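Good morning, everyone, and thank you for making the time.

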Amino acid sequence: MRGLPASTAQSLLVLSVVLGASSQAAGIQWTTAKKEEWKHSALEIFYHGYDNYMLYAFPHDELKPISKDFTDSLGEFGNPNPPLCHQGYQGVALTLIDSLSTLAVIGNQSEFEKGVWWLAHEVSFDVDLKVNVFEANIRLLGGLLSAHLLASDSTLGLMRMPYAGQLLSLATDLGDRLMEAFEASPTEGVGYNELLVEETNTAAVGSFTLEMGLLSRLTGNPSYEKAAVEALLQLWGMRSPLNLVGSSIDMTTGSWNNRLGGTGAGADSFYEYLLKAYVLFGRTEYWEVFQDAYRAVMQHYRSGAWYDDADIVTGRTLHQQFQSLQAFWPGMQVLAGDVLAAQESYWHYFTLWKAFGALPERFLYGHGQLHSNQQQYALRPELMESTFYLYQATQDTMYLDAGVAIIEALYDLNWVDGGWASVESVQTRKLEDHMPSYFLAEACKYLFLLFDDSFLQKKNYIFTTEGHVIPVLSKFHEQSPASAQLKQLVQQPPTLLRPAPPVKTVFLSPDQPQLWQLFQSVKQHFSSSSSEAPVAAVESDHLEDASMMEWIAADTVRMMQERSGADALQECASQQSQQESPSVECAVPQQQLHSSSQGCNSIQVEDQPASASSATYCEGGSEDIGASSDVHQTTAKTASAALQRTQHTGDVLPAAKQKPDALRQRVCPSFGHPQVQVISLCHMVDVRPDHSCWSHADCGIESVSCRDRICSVHGFCQAN
């Protein structure tokens with residue numbers, strides 16, 4: 001696998017400095033004529049994509065540049081079985097809608113007007129189609145509203161024939177249809193992203209304020225903005241006490257699917273829209289929330305010039321990975337006024353582009369290598385966006401040099417005769433037959449504006465997350481139809497709605513004396529201990545503080561039952577009817593010890609007081625644990641004899657799953673306590689030390705629950 005040095009952050013910083021020095025010493029001598037030359041290069045990129053779309057794909061949604069064909073992709077976003085989801089659908093000219101604001105920015109009046117009239121007379125959203133609400137909002141609704149405002153501005157001279165708001169009527173019809181996602185949702189305030197799909201993400205929930213707020217102000221109908229702000233209100237209310245938000249939301253419960261947070265995929269435009277909603281609508285509530293959220297990110301996610309993925313409750317780093325979507329962050333920081341931090345991150349991201357000829361979808365900077373299965377470059381525009389913002393803020397010609405390097409890289413890697421192709425892997429440089437509409441809406445627009453910003457000299461504009469230009473008008477700063485919800489936004493405390501842990505029940509009664517004694521002694525000891533209580537590291541996604549001690553004890557009992565051949569699950573009614581003493585019910589969650597290849601490591605239980613003792617996790621070896629009483633000694637010996645920890649390396653993992661009994665088991669000292677040894681039956685490490693995965697077969701087995709780990713949609717192994 002192609003990679004960079006292990007000390008990646010430092011290496012990239014050095015490369016950035018070298019790059020900067022070489023740009024100043026041997027870079028282009030920038031004159032007005034030279035900027036004009038590269039502006040035309042940016043225009044050529046746009047027209048090569050746009051003309052081929054109009055020739056081979058229009059009026060369908062997107063261009064397939066290699067085969068010179070089309071795809072009706074609006075019905076494919078987020079749909080696991082697209083052919084069954086959009087039979088009969090023949091596109092709504094998605095790329096044309098996405099391109100209108102770019103046509104206005106580059107000054108192509110005739111093509112802009114032609115597109116407006118065609119859409120006004122030919123496009124209808126009255127189709128039976130399951131769509132991704134987030135994508136439909138930012139691409140279609142945002143594109144139509146932007147084009148409507150541009151067409152309505154007589155000072156721009158974009159419309160020769162009288163324009164009577166036809167695109168606003170089309171946008172209103174679309175907005176009404178998207179509102180069904182909020183109305184049908186089982187979770188108050190949080191709208192579906194794909195109808196009847198039980199998962200959504202933070203960006204999808206928190207990125208409606210610009211488009212829906214604008215639609216309310218243009219139509220006088222407050223319901224659109226109220227729905228968007230209500231979604232934001234619910235989302236911000238779910239933040240952790242650290243003011244961090246997760247990425248994935250369970251639609252059935254309105255709670256986090258896990259405690260993973262970051263600034264990349266699933267969260268990016270949530271932060272962006274807090275800031276931009278303040279700029280566009282002037283409501284200080286957006287600014288106050290943005291400040292709290294931004295400070296939390298800088299405190300808990302920032303790692304030098306990079307931004308980690310972390311646990312939103314503890315702030316503990318979970319993944320050290322760069323996602324290409326994160327390249328928007330420096331541009332947003334410029335808008336917020338944090339230019340120095342923006343510059344530091346930008347040059348790391350740009351150096352990564354130089355290293356691979358494009359930004360890979362994910363790069364594991366903690367390991368200095370590409371992610372195992374997310375190496376694609378889908379013509380994402382975020383680096384171009386940040387380049388434009390930083391040049392606007394600094395007027396440093398290094399950013400013009402960077403723009404030239406990006407243009408040259410596009411010609412080198414992505415140009416095909418029929419347009420611009422995505423890249424399946426920046427390592428193999430194999431191309432993919434797809435040109436997403438946002439390439440023309442964003443990437444080409446920002447590259448053009450980098451060398452010619454004359455369009456922006458006419459008035460103030462804000463860019464949506466899809467790159468659509470929206471004029472900042474004083475009338476948009478008038479009273480918001482969602483004022484009541486906005487006031488609640490800054491007043492509500494964090495609630496951190498969390499998922500209930502999946503429960504496995506063990507029924508135990510005194511007719512099993514060894515197991516009964518073990519359970520009672522472990523439970524009693526855990527309950528009576530204070531600051532010196534033994535603790536266990538459990539999977540953060542399934543932590544329920546009140547019952548954690550019983551979980552550990554019950555899990556020990558359950559595994560002893562399994563090892564001795566006894567039934568682990570028995571019916572409660574049967575137990576109670578057969579036993580003189582009442583049975584005990586113990587909830588056993590999914591749990592995980594976070595392992596390391598470096599031998600024994602200190603592990604702290606999440607959500608535990610700082611005074612709680614740390615646990616120790618080892619990769620083998622055994623140790624006799626002393627006891628202060630006969631009961632404790634008996635139970636410790638019983639546990640030691642009956643249970644062992646299995647530690648395997650990744651290269652034998654497939655075989656281990658097929659034939660676990662044939663593998664040698666090794667005992668690990670438990671949780672650092674002299675009296676109770678709670679040990680685990682099985683732990684099989686993931687195939688890759690960075691926990692990245694192609695499939696479930698790359699993932700190991702949980703160390704406490706003995707459940708298989710699975711490969712998540714993010715490409716990392718996690719608890720099942």
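**Overall make-up and aromatic pairs**

What you see here has 23 helices and 27 strands, and please keep in mind throughout that this is a predicted model. The protein has 720 residues, of which 59% count as buried, and its exposed surface comes to about 27800 Å², with carbon and sulfur atoms supplying 49% of that area. If we take the contacts with a separation of 6 or more, residues 24 or more positions apart account for 72% of them.

Let me now turn to the rings. How many aromatic pairs does a search of the whole structure find? The search returns 34 of them, and one that I would like to go through is the pair of phenylalanine 388 and tyrosine 446, which is tilted, with 5.8 Å centre to centre and 35 degrees between the planes. Phenylalanine 388 belongs to helix α15, residues 382–394, while tyrosine 446 belongs to helix α17, residues 437–451, and so this pair ties together parts that are 58 residues apart in sequence.

Finally, to bring in a charged side chain, arginine 217 lies over the face of phenylalanine 281, at 4.2 Å from the ring centre.

Terms used. Residues numbered from 1 in each chain as written. Predicted model: local features only at pLDDT ≥ 70, side-chain atom pairs only at ≥ 80, totals over all residues. Heavy atoms only, no water. Phe/Tyr/Trp six-rings, centres within 6.5 Å; stacked < 30°, edge-to-face > 60°. Helix = DSSP H or I, 4+ residues; strand = E, 2+ residues; numbered from the N terminus. Lys NZ or Arg CZ within 6 Å of the ring centre and 35° of its normal. Buried < 20%, exposed > 50% of the residue type's maximum accessible area, 1.4 Å probe, protein only. Contact = heavy atoms within 4.5 Å. Areas by Shrake-Rupley, 256 points an atom, 1.4 Å probe, with all protein chains shown as cover.
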